[in-house]
Amino acid sequence: QVQLLESGGGLVQAGGSLTLSCAASGLSFAEYRLGWYRQAPGKEREFVAGIHEKDGSSTFYSGSAKGRFTISRDNAKNTAYLQMTSLRVEDTAVYYCNAVTRTTSAEYWGQGTQVTVSS
């Protein structure tokens with residue numbers, strides 16, 4: 001019954017911006033660390049950004065995402081976000097939302113949303 005649903009993907013020109021959303025249900029949202037990952041064709045899934053549980057005061061970014069992407073969460077809405085700016089062609093990938101808790105070691109993934117950046 002746990003579900004993570006990504007949305008907001010689409011086609012954008014290089015240099016543009018896009019915001020992804022991850023709506024969660026069936027879990028105690030505030031207790032989960034959240035993350036965004038991406039996978040480009042022919043490549044391994046890679047970490048993009050993460051945010052700690054509860055107030056999300058701590059965030060983490062990959063070298064590529066740092067300075068361009070911002071991860072945030074709204075516990076009242078059970079939703080996580082990934083604001084992306086200055087997009088590059090190499091950002092093209094399927095973006096996945098991830099939720100994990102250390103309490104039970106439970107981990108969940110969304111189905112993904114496609115982001116395509118054109119030159």
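This is a predicted model: local features need pLDDT of at least 70, side-chain atom pairs count only at pLDDT 80 or more; totals for chains, interfaces and linings use all residues.
Local features need pLDDT of at least 70 and side-chain atom pairs count only at pLDDT 80 or more, while totals for chains, interfaces and linings use all residues. Residues are numbered from 1 along each chain as its sequence is written, and side-chain values use heavy atoms, with hydrogens and water left out.

Strands here are DSSP runs of E with at least two residues, numbered from the N terminus. Two strands pair if DSSP finds at least two bridges between them. Buried means under 20% relative accessible area, with a 1.4 Å probe and protein chains only.

**The four-stranded sheet**

- An open sheet is formed by four strands in the order β1-β3-β8-β7, with antiparallel pairing.
- β1 (3-7) and β7 are the edge strands, each pairing on one side only.
- On average, neighbouring strands of this sheet are turned by 15° against each other, direction ignored; such angles are taken between lines fitted to C-alpha atoms and run from 0 to 180 degrees between N-to-C directions.
- β3 and β8 run antiparallel and are joined by six bridges; Cys22 has Ala80 in β8 as its bridge partner.
- β7 and β8 also pair in the antiparallel sense, over six bridges.
- Opposite residues in β8 are Leu82 for Ile71 and Ala80 for Arg73.
- Four residues lie between β7 and β8 in their hairpin, and Asn78 in that turn has a positive phi of about 50°.
- As background, strands of a sheet pair through backbone hydrogen bonds, either parallel or antiparallel.

**Strand β4 and its partners**

- Five of the seven residues of β4 are buried, which leaves this strand mostly covered.
- Seven bridges link β4 and β9 in the antiparallel sense, and Arg38 has Tyr95 in β9 as its bridge partner.
- β4 pairs with β5 over five bridges, again antiparallel; Gly35 stands opposite Gly50 in β5.
- The hairpin of β4 and β5 has six residues between the strands, and Gly42 takes a positive phi near 75° there.

**Nonpolar core**

- The largest nonpolar core has 29 residues; a core of this kind is a set of buried Ala, Val, Leu, Ile, Met, Phe, Trp, Tyr and Cys residues joined through side-chain atoms within 4.5 Å.
- The residues with the most contacts inside the core are Leu20, Trp36, Val48, Phe69, Leu82, Met84 and Tyr95.
- At least two core residues come from each of β3, β4 (33-39), β5 (46-51), β7 (69-74), β8 (79-84), β9 (93-100) and β11.
- In soluble globular proteins, nonpolar side chains tend to be buried together.

**Leu20**

- Leu20 is found in strand β3 (residues 18-25) and counts as buried at 0% relative accessibility.
- Not counting residues up to four places away in sequence, Leu20 touches residues including Trp36, Leu82, Met84, Tyr95, Thr113 and Val115; contact means heavy atoms within 4.5 Å.
- Leu20 and Glu107 are 87 residues apart along the chain, and their C-alpha atoms are separated by 20 Å.

**Thr113**

- Thr113 lies in strand β11 (residues 113-118) and is buried, with a relative accessible area of 11%.
- The Thr113 side chain reaches the backbone nitrogen of Gly9 at 3.2 Å. A polar contact is a pair of N or O atoms within 3.5 Å; within protein, one must be able to donate a hydrogen and the other to accept it, and residues adjacent in sequence count only if both atoms are side-chain atoms.
- Beyond residues up to four places away in sequence, Thr113 touches Glu6, Ser7, Gly8, Gly9, Leu20, Ala93, Val94 and Tyr95.

**Disulfide**

- The structure holds one disulfide, defined as a pair of cysteine sulfur atoms within 2.5 Å.
- The disulfide joins Cys22 to Cys97, with an S to S distance of 2.1 Å.
- The link of Cys22 and Cys97 is left-handed, with -80° about the S-S bond.
- Because Cys22 lies in strand β3 and Cys97 in strand β9, the pair ties together parts that are 75 residues apart in sequence.
- Cys22 is buried, with a relative accessible area of 1%, and Cys97 is buried with 0%.

Technical notes. Buried means under 20% relative accessible area, exposed over 50%, partly exposed in between (1.4 Å probe, protein chains only).
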